[in-house]
Amino acid sequence: MKYGKGKDKSVLHYNDRITVTGIPLEAYDYVVNGKPALDWVVERQCVKTDKVSGIVNDANDWAIETMDNPRYPLELFLRVITISLETMKIVNELPALDILES
């Protein structure tokens, strides 16, 4: 997974055949532990090789072996778009807090 040209976050190249376009930039407003949830998914759901050990961490293998669903990484990304947008809609509709300083 990687973002579009020039780090265009409205586009995600999932692989050579699948590209997600039209990702609302508002979805990146949902931040967990200081990072947009979508960025976390992109970082974790990829293929990485540890430089020291040479061990390959492939989210696709995990999706097949554990979830019995080779589409899991893509489906997770799409679900997190929805969760992010819906959560921010709720948060933005919350009333302001009336906090008194003492």
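This is a predicted model: local features need pLDDT of at least 70, side-chain atom pairs count only at pLDDT 80 or more; totals for chains, interfaces and linings use all residues.
Trainee: What makes the protein more spread out than a compact globule?

Mentor: Start with the layout: there are 3 helices and 7 strands, and along the sequence they follow the pattern β-β-β-β-β-α-β-β-α-α. The radius of gyration is 17 Å, well over the 13 Å that the globule rule gives for 102 residues, so the protein counts as more spread out than a compact globule. The box filled by its C-alpha atoms, taken along the principal axes, is roughly 55 × 30 × 30 Å.

Trainee: How many of the residues are buried, then?

Mentor: Buried residues make up 30% of the 102. The protein exposes about 7,700 Å², with carbon and sulfur atoms supplying 55% of that area.

Trainee: Why is Ser-84 called buried?

Mentor: Buried means under 20% relative accessible area. Ser-84 has 0% relative accessibility, so it counts as buried. This serine lies in helix H3, residues 72–93. Leaving aside residues up to four places away in sequence, Ser-84 touches Ala-27, Tyr-30, Ala-37 and Leu-38.

Trainee: What does the side chain of Ser-84 reach?

Mentor: The backbone oxygen of Val-80, at 2.7 Å.

Trainee: Which side-chain oxygen reaches a backbone nitrogen at the start of helix H2?

Mentor: One from Asp-58, which comes to within 2.8 Å of the backbone nitrogen of Asn-60. Just after H2, Asp-68 takes a positive phi of about 55°.

Trainee: How do you know that E1 and E2 pair?

Mentor: Two strands pair if there are at least two bridges between them. E1 and E2 (residues 8–13) are joined by 3 bridges, so by that definition they pair, and they run antiparallel. One example is Gly-4, whose bridge partner in E2 is Asp-8.

Trainee: And what makes E1 and E3 edge strands?

Mentor: They belong to an open sheet of 3 strands in the order E1-E2-E3, with antiparallel pairing. Strand E1 (2–4) and strand E3 (19–21) each pair on one side only, and that makes them the edges. From one strand to the next, the twist averages 40°.

Trainee: What share of the contacts joins residues at least 24 apart?

Mentor: It's 42%, taken among contacts between residues at least 6 apart in sequence.

Conventions: Residues are numbered from 1 along each chain as its sequence is written. Side-chain values use heavy atoms; hydrogens and water are left out. A polar contact is a pair of N or O atoms within 3.5 Å; within protein, one must be able to donate a hydrogen and the other to accept it, and residues adjacent in sequence count only if both atoms are side-chain atoms. Helices (H or I, at least four residues) and strands (E, at least two) are DSSP runs, numbered from the N terminus. Buried means under 20% relative accessible area, exposed over 50%, partly exposed in between (1.4 Å probe, protein chains only). Contact means heavy atoms within 4.5 Å. Axes are lines fitted to C-alpha atoms, for helices over the stretch in contact, and angles run from 0 to 180 degrees between N-to-C directions. The radius of gyration is taken over C-alpha atoms; the globule rule is 2.2 Å times the number of residues to the power 0.38. Accessible areas come from the Shrake-Rupley method with a 1.4 Å probe; for residues, only the protein chains shown count as cover.
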